[in-house]
Amino acid sequence: MTFAPLSNFTLGSTRERLRPPLGRSREPMSLLLRFFAVLPAQENCMPTLKVIIASTRPGRAGLPIGTWITEVARKHAGFDTVEVLDLAEIGLPLMNEPNHPRLRQYQFPHTLAWSRQVDSADAFVVVAPEYNFSISAPLKNAFDYLSAEWAYKTMGLVTYGGISGGMRAGQAIRGISGALRVTVATESVALPMVFPQIKDGVFTPAEGNLLAATAMLDELVTLDRGLSPLREPAGSGPYDHPNT
């Protein structure tokens, strides 16, 4: 048995496209992102972004922060539509479905509505406070309601809190997202001691906040180009049929 020489394949040319020019420092971008960056663009296939506001308490800082990042995303050139999923308005009860989420045999209207909202998204931005070194209970509950609807989508994080800027909440979300097959962007927005930036219900960003948000949204668009071919239409997966 004979094998074709490696020179017959296009790996070399791909490596050349991924290699930065001589004299220019390598950008701090993962191999995965550099691979996605050379994929051909798909026409008329801009992703739908949904902003999840995780805090539900009265007087929450998450609402003005969520309003700000939504406006930034709508001005960004990379998304078809940008919608808000406010968990305070959605009002999911504590998980009460009798069947495992992977079966998608939902019994309650609130679950069916949440499934449709998540399923129709291509990418997410989660605006999350840090509670006790982790995330809020409503956000964990919202994650746990569904399974396949999250898969092979990308997620950006806007976290806020005390001196840490909610980064420990961000780390908790990254662990959960891995189980749901969600790819979380490396770029993120962390807002430490955020409360002086909110006045009369309006969040005023610092210059660094806007730069971080733009970098995160740019990465979401790049990641979606690689992940979108992996997503199957609803109803086509092995766990989508009641008799499986």
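Hi everyone, let's start with charge pairs: the count comes to eight salt bridges, a salt bridge being a side-chain nitrogen of Lys or Arg within 4 Å of a carboxyl oxygen of Asp or Glu. This is a predicted model, where local features need pLDDT of at least 70, side-chain atom pairs count only at pLDDT 80 or more, and totals for chains, interfaces and linings use all residues. Residues are numbered from 1 along each chain as its sequence is written, and side-chain values use heavy atoms, with hydrogens and water left out.

One of these pairs is D119 with R104, at 3.4 Å from N to O. D119 sits in helix α5 (residues 109-119) and R104 in the loop between α4 (87-90) and α5, so this bridge ties together parts 15 residues apart in sequence. Helices here are DSSP runs of H or I with at least four residues, strands are E runs of at least two, and both are numbered from the N terminus. D119 is partly exposed, with a relative accessible area of 28%. For that term, buried means under 20% relative accessible area, exposed over 50%, and partly exposed in between, using a 1.4 Å probe and protein chains only.

Next, D122 pairs with R231, with the closest N and O atoms 3.2 Å apart. D122 is in the loop between α5 and β3 (123-129), while R231 is in the segment after α8 (207-227), so the parts being tied together are 109 residues apart in sequence. R231 counts as buried, at 19% relative accessibility.

Then there is R168 with E130, at 2.8 Å from N to O.

Now over to helix α3 (residues 62-75). Its 14 residues reach 20 Å from first C-alpha to last, close to the 20 Å expected at 1.5 Å a residue, where the expected span is 1.5 Å times one less than the number of residues. Its buried residues include W68, I69, V72 and A73.

How do α3 and α8 cross? Their axes, lines fitted to C-alpha atoms over the stretch in contact, with angles from 0 to 180 degrees between N-to-C directions, come within 10 Å and cross at roughly 55°. Touching there are W68, I69, V72 and A73 of α3 and N209, L210, A213, M216 and L217 of α8, with contact meaning heavy atoms within 4.5 Å.
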